[in-house]
Amino acid sequence: MTTVTVAEVTLAIDAPLAEVFTYLTDPALYVRWMGSSALLQARPGGRYEVAMSDGFRAAGTFIAVDPPHQVAFTWGFADDEAASHTKEPGTGDRSSGDMPAGSTRVTVTLAAEGRGTRLTLRHDNLPSADLAAAHQVAWDTYLPRLAAVAAGLDPGPDPHSAS
């Protein structure tokens, strides 16, 4: 039996390629679809940090930035407090040791498709099947929010909003 250690999502976005790219690299635009604050130093070696209003935080480093086609960064729980705020049922108690900051890789590839954009996100090196499943749920939740915002729509409340 093989352990699934990848989460992958592909979706069409009704917005031009260059515009979608900015939603991945501009902190003010990023938080319109995911997070309440973001530090995005969108260059190789630059910091990637996203915080949710409920205390969840992810941290890593940009690996590649190829406007407007690809962004890649490392990803992990910023610390134990951040890890304790995972939303997926059945993931149990988490600590940052389960997936330390920068321990996994997220690659987002964009391609022009008609007047819109095809986005493919691949999250590699997830340390367990349950974390792969949890991140599949998370990306399946957040990327449609990106598609909505880029198309000029309201994505609704953030799933990580503090209750």
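Analyst: Start with the cavities. The count comes to two cavities of 30 Å³ or more. A cavity is a set of points, on a 1 Å grid over the protein atoms alone, where a 1.4 Å probe fits but cannot get out. Volume is the space filled by probe spheres set on the points, which are joined across faces, edges and corners. This is a predicted model: local features need pLDDT of at least 70, side-chain atom pairs count only at pLDDT 80 or more, and totals for chains, interfaces and linings use all residues. Residues are numbered from 1 along each chain as its sequence is written, and side-chain values use heavy atoms, without hydrogens and water.

The second largest cavity holds about 30 Å³. Its lining residues (an atom within 4 Å of a point) are Leu24, Tyr30, Trp33, Phe73, Val108, Leu121 and Trp139.

Now the sheet. Seven strands (DSSP runs of E, at least two residues, numbered from the N terminus) form an open sheet in the order 1-7-6-5-4-3-2, with antiparallel pairing. Pairing needs at least two DSSP bridges between two strands. Strand 1 (7-13) and strand 2 (37-40) are at the edges; each has a single partner strand, so one side of each lacks a neighbour in the sheet. Strand 5 (residues 70-75) and strand 6 (residues 104-113) pair antiparallel over six bridges. There, Thr74 stands opposite Arg105 in strand 6.

Helix 4 (residues 129-150; a helix is a DSSP run of H or I, at least four residues) packs on the sheet. Helix 4 touches strand 1, strand 5, strand 6 and strand 7, where contact means heavy atoms within 4.5 Å.

Notes: 1 Å grid on protein atoms, 1.4 Å probe; cavity = no way out; pocket = protein on both sides within 12 Å on 5 of 7 lines; lining within 4 Å. Axes fitted to C-alpha atoms, helices over the stretch in contact; angles between N-to-C directions.
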